[in-house]
Amino acid sequence: MTPKQFESEMNYLVARHLAECFLKQGFMTKTEFRKIDDFLVRTFSPLIGKLLTLSLDKSGDKSELEQKQQALLTEMQTLDSALRQLFQQNATTVQDQSEYRKSYDEITQKFSKAEEQKKRVDQKLSNLLEHRGIIENFIKKLKEQNGQISEFSENLWCGLLDYVTAYADGRLVFRFKNGSEFEG
């Protein structure tokens, strides 16, 4: 990290901390805080800031995913009940089997589609929670620092970095835990 990048990181962290204090004191809403944070990220382009912005402020995303997950589960239960009714009806009354088969195929297709959607939502929710865990751990490490960070901290670096790829031509590509990459 260059001195200019480091200064940008520190400016971002100080400004964000002040905004968080205003938020906690009730002087601004979460929406206003989000706008300020977005402005700060655009202004300072901080790596740490990008991680923080993707972190705990996504509670709306989590609840939206959980609502979608529940809706899909309810839809699957409804389709399962419809399928059981169809089986029962076919077992107890004489029916045109081509109509039965058509109804059966429609219900099972809808169920399969809902099941696939639910799997995707489950995966997104799992990824979000995993990402939050990583960010929470990094924030914890950041808070453990005493005062201003004026020198390299292995603890912080390891909390930020996912892995480094070294190429034969001498290039290094740093992949951070938020998914961003930096070539150096």
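How many helices and how many strands are there in the chain? In this predicted model, the chain contains six helices and three strands. Of the 184 residues in the chain, 27% are buried.

Confidence was considered before the local features. The mean pLDDT over the chain is 80, and 77% of the residues reach a score of at least 70. Among the parts of the chain, helix α4, spanning residues 59–92, has the highest confidence, at 89. The lowest confidence falls in helix α3, residues 47–53, where the mean is 59.

A nonpolar patch was identified on the surface, formed by Val14, Leu18, Phe22 and Phe27. Together, these four residues present about 440 Å² of accessible area. Phe27 is situated in the loop that links α1 (3–25) to α2 (30–44). The relative accessible area of Phe27 is 62%; because exposed residues are those over 50%, Phe27 is classed as exposed.

The three strands were then examined as a sheet. They form an open sheet in the order β1-β2-β3, and the pairing is antiparallel. The edge positions are taken by β1 (161–166) and β3 (181–183). Each of these two strands has a single partner, so one side of β1 and one side of β3 remain without a neighbour in the sheet. From one strand to the next, the twist averages 20°.

The pairing of β1 with β2 can be described residue by residue. Strand β2 comprises residues 172–176, and its antiparallel pairing with β1 extends over five bridges. Within this pairing, Thr165 has Val173 of β2 as its bridge partner, while Leu161 is placed opposite Phe176, also in β2. The two strands form a hairpin with five residues between them. In this hairpin, Gly170 adopts a positive phi near 95°.

The nonpolar surface patch includes Phe27, a residue of the loop between α1 and α2.

Notes: Residues are numbered from 1 along each chain as its sequence is written. This is a predicted model: local features need pLDDT of at least 70, side-chain atom pairs count only at pLDDT 80 or more; totals for chains, interfaces and linings use all residues. Side-chain values use heavy atoms; hydrogens and water are left out. pLDDT is the predictor's confidence in each residue, from 0 to 100. Helices (H or I, at least four residues) and strands (E, at least two) are DSSP runs, numbered from the N terminus. Patches are made of residues with over 30% relative accessible area and no salt bridge: like charges are joined within 9 Å, nonpolar side chains (Val, Leu, Ile, Met, Phe, Trp, Tyr) within 5 Å. Accessible areas come from the Shrake-Rupley method with a 1.4 Å probe; for residues, only the protein chains shown count as cover. A salt bridge is a side-chain nitrogen of Lys or Arg within 4 Å of a carboxyl oxygen of Asp or Glu. Buried means under 20% relative accessible area, exposed over 50%, partly exposed in between (1.4 Å probe, protein chains only). Two strands pair if DSSP finds at least two bridges between them. Axes are lines fitted to C-alpha atoms, for helices over the stretch in contact, and angles run from 0 to 180 degrees between N-to-C directions.
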